[in-house]
Amino acid sequence: MRLFRFMSVLLALSAVGWSQTSTSAKPAAGFSIDTIDKSVDPCVDFYQYACGNWIKNSEIPADQSQWVSFVELHERNLDIEHGILEKAEAGGPGRNAIDQKIGDLYGSCMDEKAVDAKGIRALKPELDRIDAIKDKQALIDEIAHIHMTGPSPLFSFYSSSDMHNADQVIAYIDQGGLTLPDRDYYLKDTGKNKDVRQALVDYVSQVFALAATGQSAKDSGAADTVLRIETELAKAEMDRTARRDPKNRDHKMTREEAVALGPNFYLDRYFQDVNAPAFKDLNVTNPDFFKQINGVLESESLDSLKTYVRWQVLHASAPWLSQPYVDANFKFQQALTGQKEIQARWKRCANLVDRELGEALGQRYVEAVFPPESKARMLKMVGELEKSLGEDIQNLSWMSDETKKQAAVKLAAIHNKIGYPDVWRDYSSVDIKLGDLLGDVQRANLFESKREINKIDKPLDRKEWGMTPPTVNAYYSSSFNEIVFPAGILQPPFFDPKMDDAVNFGGIGLVIGHELTHGFDDQGRKFDPQGNFHDWWTKQDGEEFEKRVSCVADEYSNFVAVDDLKLNGRLTLGENTADNGGARIALMALEHVIADDKSGKESQKIDGYTPQQRFFLGFGRVWCEKRRPEVARMRVLTDPHSPGKYRVDGVVQNMPEFEKAWSCKAGQPMVAENACHVW
Ligand SMILES: [Zn+2]
């Protein structure tokens, strides 16, 4: 169970693979005009101009599936975490509670000898429990137990804001239970999907052969069973594009109604098993999933269902088992991402501590890297960006005064969180035992599941964070109506105190503008200032908005991501709208700073470039990127963000401001004939 669904993040990072081994913290590369390829005309392909030399001089490290500033920064943060964790591990009995937990979880993870010596025995209690199941009701009891400790077979259960009363947290049940990252891998034979399915079949067969203990030894044809059941789950899933529309996820009903949707789920038992409070209502995000899978639970034999559940547990545990399981899991990840080598163990372990005890490790991280001045400067920039978006909205020609008034109210209500939480999560009840890696992971997950379930039917805790402090990312949450910037992203090339304002407005300024715009994209605009799913637009303004975002959807649907695979303009619509709006209001904010500067310093050229040109160069630098073809294909299916090239070129060709800054002419590729303009 993991927190914070339905938030709009700045980018999606795959769960696997960061960069090559390094031993000491080095500053991440900041902005430099050395990345520019001056042989390219910026009006023909601005991304290639801004990033050409960077692309020429960069290699994707062997243990990466992509190389981009976010990953470079994540590498640097990992180095810092590495130092913190080694110190905490070595600390001995004098350590405080935080260092004991993060140090011992890291120590358990680094002790490969102990992990290898235990082998599959680490998972034996869980596998024995599955073997002992005698009927389908007991199977649901077991799924409840498994959900609490991390793996998520069959469906998911969590808590989140009530869509119509954001101040209140309610229970949710949702589709789930797939091994592959998207339903299309199971259902479509296009591209390399068949190869990926074959990789899954190989992975299942290999792991079952390795784990051939007890009943699992009899799982001949296990891979076929897993693929068959997961394909049925995939068929019943709502696709990602449909899920972006909040009305498709809005199905609040009574507990009895939910139970009746799929009697074979025995949800009443399940809710008791996980110790949920006696709630009366819940949201069923995709009711059709439960109706459809009810039949699958009927027609599949108990043995087949046990095989599927056993698989889900093995797969989720594989990275924390002995070497052969780690290798099998990595080989499968390779088929999805193209990554050549597995990352060093210390990196996997630091990432694990960030995932499981992120606000404990985060406390130490913040002490090490995040000075209070950074927070003050960010707050000032956020204020400048909010002012620009306010002006932008007031000046829109297509929106009525009535809707403008409502939009201003929503903008004024957006909260911001910068750096790290005011209140740190208390992990004192998590039992971390040195030398018991899988047990540690299960107990940390159990803590998180209980925490999530305990929130049901209580007021929303608006102080809570959905990302850990070292995360190189940012998000907007519509139910919280807030923008959030973890300390991890407040560094070069996004935010560099040594750089001119122009470069910083093109970097972190644009990120702030992007997150603010999410409050007004095709999803965000449907939520009111309090975070409720509620239409505050006049009918005509709503139609005007839809017309304008259709322009953006059509524009990006024509971009080719890899081979002949084009982007899904509807899946990426919210992010593309936010990129376009974010760029426009960040540049507006920079123009204000230039206009207010009496000294004339802000309008001076640096390295031969005007501030406006440096703004666009700073923006381009952030998205310089290389991806392996496998991961590029995966992202087209799963990622609501466009690849770096289109995050840059797709935006600038809609901006008359860009045309002016670079003296481009009508008819050139970076000057769109029918430029899209929403915000
Ligand atoms: Zn975003």
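## Asn193 and helix H8

In this predicted model, Asn193 belongs to helix H8, which covers residues 193-210. Asn193 counts as buried because its relative accessibility is 7%, and the cut-off for that class is under 20%. Leaving aside residues up to four places away in sequence, Asn193 is in contact with Asp184, Tyr185, Lys188 and Leu637.

## The largest pocket

Two or more lining residues come from each of helix H7 (184-187), H8, helix H10 (240-243), helix H15 (323-337) and helix H25 (629-638).

Helix H25 makes the greatest contribution to the lining of the largest pocket, giving five residues. Sorted by class, the lining of the largest pocket consists of twelve charged, ten nonpolar and five polar residues.

## The second largest pocket and helix H26

The second largest pocket contains about 290 Å³ of space. It has 14 lining residues, of which Tyr47, Ala561, Glu625, Arg627 and Lys645 are the closest to its centre. At least two residues of this lining are supplied by each of helix H1 (46-57), strand E10 (560-562), strand E12 (625-627) and helix H26. The lining of the second largest pocket includes eight nonpolar, four charged and two polar residues.

Helix H26, which spans residues 644-652, is mostly covered, with eight of its nine residues buried. The buried residues of H26 are Gly644, Tyr646, Arg647, Val648, Asp649, Gly650, Val651 and Val652.

## A four-stranded sheet

Elsewhere in the model, four strands make up an open sheet with mixed pairing, and their order is E3-E4-E6-E5. Its edges are strand E3 (155-162) and strand E5 (252-254), each of which pairs on one side only. On average, and with direction ignored, neighbouring strands of this sheet are turned by 40 degrees against each other. In general, the strands of a sheet pair through backbone hydrogen bonds, in either a parallel or an antiparallel manner.

Strand E3 and strand E4 (residues 165-175) run antiparallel and are joined by eight bridges. Within this part of the sheet, Ser160 stands opposite Ile170 in E4. Helix H13, made of residues 287-299, lies across E3, E4, E5 and strand E6 (281-284), and it runs at about 25 degrees to E4.

Technical notes:
Residues are numbered from 1 along each chain as its sequence is written. This is a predicted model: local features need pLDDT of at least 70, side-chain atom pairs count only at pLDDT 80 or more; totals for chains, interfaces and linings use all residues. Side-chain values use heavy atoms; hydrogens and water are left out. Buried means under 20% relative accessible area, exposed over 50%, partly exposed in between (1.4 Å probe, protein chains only). Contact means heavy atoms within 4.5 Å. Two strands pair if DSSP finds at least two bridges between them. Axes are lines fitted to C-alpha atoms, for helices over the stretch in contact, and angles run from 0 to 180 degrees between N-to-C directions. Ala, Val, Leu, Ile, Met, Phe, Trp, Tyr, Cys and Pro count as nonpolar, Asp, Glu, Lys and Arg as charged, and the others, Gly among them, as polar. On a 1 Å grid over the protein atoms alone, a cavity is a set of points where a 1.4 Å probe fits but cannot get out, and a pocket is an open set with protein on both sides within 12 Å along at least five of seven lines; lining residues have an atom within 4 Å of a point. Grid points are joined across faces, edges and corners, and a volume is the space filled by probe spheres set on the points.
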